Amino acid sequence: MAIGWVTILQAVPWSDVIRNAPRLADGARKLLGMASRQPPAPLAAAAGTTAALEARVQALEATVAELHEQMLASSQLIQGLAEQNAQLIRRIEANRVRMRWLAAATALALAAIIWILAG
């Protein structure tokens, strides 16, 4: 069973994983930094004056812009992880097919050996 895992781990495109790891880590760090910022303190309504309402609108627009940046950063991070996951799945599927062929070849070789020894 350990040989199967070794084979799978050897077939993983580690150069791609290692090459993409810093980009994914930076994206995760950036996303965490954005998400962990303290939210702005709510503005006190100053008796419904126009200036107070404009200040609140500007604060809300800034918050929406920051949330949009976080959404883009998380989307990029998710896309990178999805690409890596797809590469790993392709490799695992190739190994699964290869293992079936090897199992069939082994069974045929074993049958041939048994037939030769019995004959």
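**View 1. Ile-78, an exposed spot on helix H3.** At 55% relative accessibility, Ile-78 counts as exposed (over 50% relative accessible area; buried is under 20%, and partly exposed is in between, with a 1.4 Å probe and protein chains only). Ile-78 has its place in helix H3. Helices here are DSSP runs of H or I with at least four residues, strands are runs of E with at least two, and both are numbered from the N terminus. Residues are numbered from 1 along each chain as its sequence is written, and side-chain values use heavy atoms, with hydrogens and water left out.

**View 2. Gln-84, a buried residue of H3.** Gln-84 lies in helix H3, which covers residues 50-118. Because its relative accessibility is 14%, Gln-84 counts as buried. What does Gln-84 touch, leaving aside residues up to four places away in sequence? The list is Asp-16, Val-17, Asn-20, Ala-21 and Leu-24, with contact meaning heavy atoms within 4.5 Å.

View 3. Arg-96 forms a salt bridge with Glu-93, and the closest N and O atoms are 2.4 Å apart. The rule asks for a side-chain nitrogen of Lys or Arg within 4 Å of a carboxyl oxygen of Asp or Glu, and by that rule the count comes to one. Both Arg-96 and Glu-93 lie in helix H3, three residues apart, or about one turn of the helix. An α-helix has 3.6 residues a turn, so residues three or four places apart point the same way. Arg-96 is partly exposed, with a relative accessible area of 38%, and Glu-93 is also partly exposed, at 36%.

**View 4. Thr-106, reaching back to the backbone.** Thr-106 is another residue found in helix H3. The side chain of Thr-106 reaches the backbone oxygen of Leu-102 at 2.7 Å. With a relative accessible area of 51%, Thr-106 is exposed.

View 5. The protein has three helices and zero strands, running α-α-α from the N terminus on. H3 has 69 residues and reaches 99 Å from its first C-alpha to its last, close to the 102 Å expected at 1.5 Å a residue (the expected span is 1.5 Å times one less than the number of residues). Of the protein's 119 residues, 14% count as buried. Residues 24 or more positions apart account for 84% of the contacts with a separation of 6 or more.

**View 6. Confidence, from H1 to H3.** The protein averages a pLDDT of 81, and 79% of the residues score at least 70; pLDDT is the predictor's confidence in each residue, from 0 to 100. Confidence is lowest in helix H1 (residues 2-11), at a mean of 66, and highest in H3, at 90. Where pLDDT is low, the predicted coordinates should not be read in detail.

Key. Predicted model: local features only at pLDDT ≥ 70, side-chain atom pairs only at ≥ 80, totals over all residues. Polar contact = N/O pair within 3.5 Å; in protein donor to acceptor, adjacent residues only side chain to side chain.
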